[in-house]
Amino acid sequence: MAKVKRVPFIAGNWKMNLDHLQSIAFVQKLAWTLKDANHDFGVDGAEVAVFPPFTDLRSVQTLVAADKLDVRFGGQDLSEHDSGAYTGEISGAFLSSLDCRYVLVGHSERRTMHGETDEQLARKVAAALKHGLVPVLCVGETADDLEAHGPSAVPVAQLKAGLAGLAGLAGLSGTPELVVAYEPVWAIGSGKAATPEQAEQVAARLRETLAEVLGDDVAAATRILYGGSVKSSNIASLMREPNIDGALVGGASLDVAEFASISRFSKHVGT
Ligand code: PEP
């Protein structure tokens, strides 16, 4: 596989927290903290993104554009449809028109609480790409899966299923950009992250799977994140692993100082 520098990516999933006013204060403070000369950001810094509730996105967009802040943002979900009678759903076209660069697809809370299937998620991945968004496809095994099938089987199967719609995607030009987030469900919100070795074992299998399905170039360029109880105290050891390019952060992304520290401990990585 070709050697490619992958810019570290630290993504904060706010879930259903922080309203639009709080989002403005948060993003302003985050951008200032990231810029602070006392911190080790700069050439080796990470790309940092927040995933606020939909109702915050317009406020975040306005702030980021007006103050030219170095913070990206995205949606926590999107509809598989472009428009129409789908009450409560949000089109990828709407996210794109709010300058979202990313969108989460298949977070474990969507899979379990909203019954999202692999087939539906494949359509959501395709919809994201169609609308110029980079899908952050979340995969991961439950504690029961881990016991029954070992660590990689379920995440690999979910990744393959999520990519199933790409081959026939009309109008997709060039190499699809996507991000894969490996999030063992047993580690999410538990305070007990996977060990770097556990996370690397699965991330390496996910990269092999990307190579099988989309080819070596896409596999080498695609960022694979680890998610599940990431904190400033464990990010450095996770990111030392060759196949882990960043983190999807839940709880710790709601604390500006902690989230900025997590970003600070990341680095440029390459294969
Ligand atoms: C998540 O829900 O995506 C997540 C990783 O949460 P936490 O960081 O709180 O474990």
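## Ligand contacts

A polar backbone atom of glycine 250 lies 2.8 Å from an oxygen atom of the ligand, a polar contact being a pair of N or O atoms within 3.5 Å. The model is predicted, with local features requiring pLDDT of at least 70 and side-chain atom pairs pLDDT 80 or more, while totals for chains, interfaces and linings use all residues. Residues are numbered from 1 along each chain as its sequence is written, and side-chain values use heavy atoms, without hydrogens or water.

A polar backbone atom of glycine 251 is likewise 2.8 Å from a ligand oxygen atom. For serine 229, a backbone N or O atom is 2.7 Å from an oxygen atom of the ligand. The protein buries 94% of the 290 Å² that the ligand exposes when taken alone (Shrake-Rupley method, 1.4 Å probe).

## Ligand shell

The ligand is surrounded by 13 residues, of which Lys15, His107, Glu183, Gly189 and Ser229 are the closest (a heavy atom within 4 Å). By class, this shell comprises seven polar, four nonpolar and two charged residues, with Gly counted as polar.

## Nonpolar cores

The largest nonpolar core has 61 residues, and Val27, Leu30, Val50, Leu206 and Tyr226 touch the most other members. Such a core joins buried Ala, Val, Leu, Ile, Met, Phe, Trp, Tyr and Cys residues through side-chain atoms within 4.5 Å, buried meaning under 20% relative accessible area (1.4 Å probe, protein chains only). Helix α8 (residues 196-214) supplies the largest share of this core, six residues; helices are DSSP runs of H or I, at least four residues, numbered from the N terminus.

Beyond its neighbours within four places in sequence, leucine 30 is in contact (heavy atoms within 4.5 Å) with Val48, Val50, Val71, Val256, Phe259 and Ala260. A second, separate core of 13 residues includes Ala49, Tyr102, Cys138 and Val179.

Note on methods: Buried < 20%, exposed > 50% of the residue type's maximum accessible area, 1.4 Å probe, protein only. Helix = DSSP H or I, 4+ residues; strand = E, 2+ residues; numbered from the N terminus. Polar contact = N/O pair within 3.5 Å; in protein donor to acceptor, adjacent residues only side chain to side chain.
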